[in-house]
Each structure stands twice: as C-alpha cells, then as structure tokens.
Amino acid sequence: MWRSWIAGGFSNSTKDNFYQTARRILSFPVLFPFAPSFTMAPSFSASLKDPSLFIEGSYIDGKVVASQSGQTFNVYNPATEAYIGSCPESTTGDINAAIEAASKAFPTWRAQSGRQRGRILRRLFELIVENKEDIGKIITAENGKAKGDAEGEALFSAGFFEWFSEEAPRIYGDIIPHSNPSSRTQVIKEPIGVCGLITPWNFPMAMGARKVAAALAAGCTVIMKSDGLTPFASNALAALAERAGVPKGVFNVVTALENTPSLGLTLCESDIVKKISFTGSTRVGKLLMQQSSSTLKKLSLELGGNAPFIVFDDADLETAVTAAVVSKFKVTGQTCVCANRFYIQEGIYEKFTQRFVEEMKKSQVGDGQNHSVSHGPLTNGIAKTQEHIQDALTKGATVLLGGNALPSIGKNFHELTILGNADDTIKSNSEETFGPVAAISKFRTEDEVVRRANSCDVGLASYLMTSDLGKAHRVSERLEFGMVGINTGVISDFAAPFGGVKHSGMGREGSKYGIDDYVNIKMIVTGGVNTSYANL
C-alpha cells in the first residue's frame, strides 16, 4: 500500500530515484532482516542475455567504480522516458585517477609488439559481434535508435577493432638516404602516450570504438569520457575489452553529465595527457583547442557538418533517391554526415521529389524496440527540428511530407519531413539541423551549385549524384569538403579516412591514416658508418 501511495504522489524522476534507493537499501539484510517483499520494476539488465554488460559505474584501472563524490545521474530512454539506470557524476578527482592509471599502464602496453596488441583487438572484435544483440538493446534503450540501426552500430564498432588489429603490426617507418655517405637516417613511429577521448551521444559505441581501436593499436592508453545521455554502451565496450585481454589501466571510461566541461578541461590541461580526440560541435571543439594550448597537445577534432546533396539532371533517379533516404534520415537525421541541404537540378526536380516522398512514406516512426520501426525518437533535438521547419515555411518553403511533432507517441518523436521550394536564406542552410528534415531547392548550372554548396564555414561530408564521369571528378574536386560521396549515401567505412576541413575540424579517423593521429615520428641518425671497402 505504501508503494502505491508513493507511485501516485511523485513525479517519474522522483519515483525512479526512490525505487533505486529502496532497491539498494533493502539489499542489506543486516539493516533490514525483515524487509517487506514487493515487486520492483524489473531492471533493464534483466532483458539482456548477459546482464553483466550493463554497468552502472565508471571503469578505471580495471575496476568498476563510483565517483569519489558519491554523486550519480540518471539515464532515461528517449522513446519511453523510462528510467534505465544511473552512472557516477565523476569529478576532477575521478578523471585524474583515470589519467594516473593510464599513465601507469602505458610503458607495458607500448612495449608489446604490434602483433600482440593486434591479437587482443581481434578478440575484442569477435566479442562485440558475439554480443551484438545485447549491445543493440543497450544502444536502443539509451539512444532510441531503431533495432536494426542499433545492432548495425555494434557491428560497425566491431569493424574498427578488426581493421586496426590488422594495422597494429604494420606501423611502418622509413630508411632515408643521408646526404653524408657515412651516415644513416631511420624514421620510426612511436605511440604518443596517454590520450583523452571525448565521444558524442548519437553513436554511443561506434564513435568511441573508432578512436579507441586506433589508439590501442598504436600502443597508446586512453581515458574515454562518454556522453552523459548515453554512458552504457561505452561501459559495455570496456567490459568486453577486459575480456579480450586489454590490461587494466589501458582503457578507462569516465562518466558524467553535469560535470562534463570540468572533466574536459582537466584532460586538456593535464601534462600527462598528450592527445585529445573529440567528436561533437564546432563550438566545443574550438573551446577544447583553446584549453589545450598551454600543453600543446595533439588534437583530432571531428566537428559539425552541413552536408550538401547535389543531384544533376543526368543522375540515375533511383540511385539518387536511395542515397538521399540513407544520407538524410539514417538514425532519424542525427548523424554528422547527414545531408542537410538538397540541391536538385531543374530538369529532375519534380521526379526526384515525388520519388523521395514515396520512399519515405514507407518508413515507420516509433519506439526503436519495436521490430517494425525504421526510425526512432530524437535524442534531444525536437525543438531545433521544429524551429528549422517553421523558419523554412515562413520563407516560402512548402511541406511535401510530414512537418509535425508526434506527441501522441512521445515528446521526442517527430515526423520525417521533406520540404520543397526552399531557398538559401533558411536556417537549415547555415545551421546543422540534426533532425529529420530535408529542405530541397532547385539549381540551374554546375557553377551555381558548387558556389552554393561551398558557401558555409564547415566542410565535413558532401554528396554528388551524376552519371557523367567527367562531371563527377570535376565537381568532387571543387567541393570544399573532407569527404565526397558520388552516387552513394554511405561514406563511412573502416578503411576510409573520416574527417573534415574548414570549421569541421582536423585529423582523420579510421583507415591507415587513423593511426597517424596517435603516433609521434622519431628520426634517428647514425653517424660514422664506415662505408669503405678498401680494407676489406
């Protein structure tokens, strides 16, 4: 009866806190030897095949730990608003403990051969694949993405460990001919040291995996700060890394929600941390660069995008539509490489928009746990999505599909939206929407569309649809973006360098180039080499 009274008298968050506290208190029989038996809401971990993958703590020096402050924060499912679990609200003391652990582990880890490190990374790849269903459930619960996308992210994450397990033994140097015949020049690559990795919520495992895999392959040790909205996928990755044989202290995960800025500052100002890798907004990336200036860190910054999607009259219509569906609406528009501006040449505009709308009508928005759902909720971008739609409509755009929030499903749901007759003054042309809105405008000439596509201060991804080979080469070389997709809406791959230009950041992730951001180049000159054969 007292549980019913509590349930009726408090908000959901208060009830969640109460139930969580009650569950912990009543687990101590010494304190409550005759504790009342009542049915609590089942723990999320009970839904997993391997409940031990669901970790409500930070992972430091091979141990699951609470914050030194004793504080925690709660995590909720964006689809249902149900309580999932809690994690430590870590402080600077906690992250300094992680830095110390990584520093202590570095000499032993770097001393292993690339082949030895590669075997461990290969085993981690296998473990992620084996546990993809549980990982998918965790990602869906904390991020909201549909089941297929969530399990796909698990496999995407695994792929980076497979790729870098093969790169670890192949971190080659050079022998350079010296101008002096009695000298020899050798170039070797050495791990840079302790790395601070800061990851986003939209790919809670994959963005960390892309960084961690390269860093560990190079021989570095890491402290990963997971996003406060989605901490559990990173914790699962740490658990699997331990099972794969990653030594304690090599891979540390620190969780926080409110204290994230202070933890980032600590990483930037630490003399022990030699590199920062960050995926997130341009604003925060610039701040981290500023904060790292006193210690002259090496930086990898994968920041905001505003991807143009260009369709020429000669493009194959079905290819263009398929690419548009994937590049715009994957993960409900919440990727940094999502198409944000659609430029369709006049001759194909009507056919393209008609087919685009037809294809998107086949989609289903809803709770990602439902197997029939193709697009889940927005994690935190409903207000900006609505703002961009209303702004476009006031400037003459028309709704071809959607346009409305879906409060009947939940507060974070929104219709997949396509707008026609947009112009270059709308907000989504200058700001990254990060939501399910495709704003389409017409263009006439190649020069015009290249100029319009390049008229932004960021340059991450871009897309180009044409069946003219010469035009494909010409336009892709003129586009001021770090990545160009020609006749495809999928550009990410383990073997491909991922990154941008202009205000989209610096450095590359994935591929053979991804290792370079985690190594220092050392040159060794040997003098006095006797090259004379006269006395032999």
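**Figure 1. Surroundings of R355 in the predicted model.** Leaving aside its neighbours within four places in sequence, R355 is in contact with L317, E318 and V321, where contact means heavy atoms within 4.5 Å. The model is predicted, with local features needing pLDDT of at least 70 and side-chain atom pairs counted only at pLDDT 80 or more, whereas totals for chains, interfaces and linings use all residues. Residues are numbered from 1 along each chain as its sequence is written, and side-chain values use heavy atoms, with hydrogens and water left out. The side chains of R355 and E318 are joined by a polar contact of 2.8 Å (a pair of N or O atoms within 3.5 Å; within protein, one must be able to donate a hydrogen and the other to accept it, and residues adjacent in sequence count only if both atoms are side-chain atoms). R355 belongs to helix 12, residues 349–360; helices (H or I, at least four residues) and strands (E, at least two) are DSSP runs, numbered from the N terminus. With a relative accessibility of 18%, R355 counts as buried, a term that means under 20% relative accessible area, against over 50% for exposed and in between for partly exposed (1.4 Å probe, protein chains only).

**Figure 2. Strand 8 and its parallel neighbours.** Strand 8 (residues 221–225) is largely enclosed by the rest of the structure, because five of its five residues are buried. T221, I223 and K225 lie on one side and V222 and M224 on the other, so that both faces are covered, all of these residues being buried. Strand 7 (residues 194–198) runs parallel to strand 8 and is joined to it by five bridges, with T221 as the bridge partner of V194. Together with helix 7, these two strands make a right-handed β-α-β unit, right-handed meaning that, with the strands pointing away from the viewer, the path from the first strand over the helix to the second runs clockwise. Four bridges join strand 8 to strand 9 (residues 251–254), again in parallel, and V222 stands opposite F251. From strand 8 the chain crosses through helix 8 (residues 232–244) to strand 9, in a β-α-β crossover that is right-handed.

**Figure 3. The largest nonpolar core around F251.** A nonpolar core is a set of buried Ala, Val, Leu, Ile, Met, Phe, Trp, Tyr and Cys residues joined through side-chain atoms within 4.5 Å. The largest one has 65 residues, of which F161 and F251 touch the most other members, and helix 7 (residues 206–218) gives the most to this core, with ten residues. Beyond its neighbours within four places in sequence, F251 is in contact with Y59, V212, V222, M224, L237, A238, A241 and V246. A second, separate core of 36 residues includes F329, V337, F356 and M483.

Figure 4. The strands follow the order 5-6-22 with antiparallel pairing, two strands being paired if DSSP finds at least two bridges between them. Strand 5 (174–176) and strand 22 (519–526) are the edge strands, each pairing on one side only. Strand 5 is joined to strand 6 (residues 184–191) by three bridges, and I175 stands opposite Q186.

**Figure 5. Two loop residues with positive phi.** D61, in the loop between strand 1 (58–60) and strand 2 (63–65), has a phi near 55°, a positive value in a residue other than glycine, and is buried, with a relative accessible area of 15%. For N421, a residue other than glycine, phi is likewise positive and near 55°. N421 is found in the loop between strand 15 (417–420) and strand 16 (437–443) and counts as partly exposed, at 43% relative accessibility.
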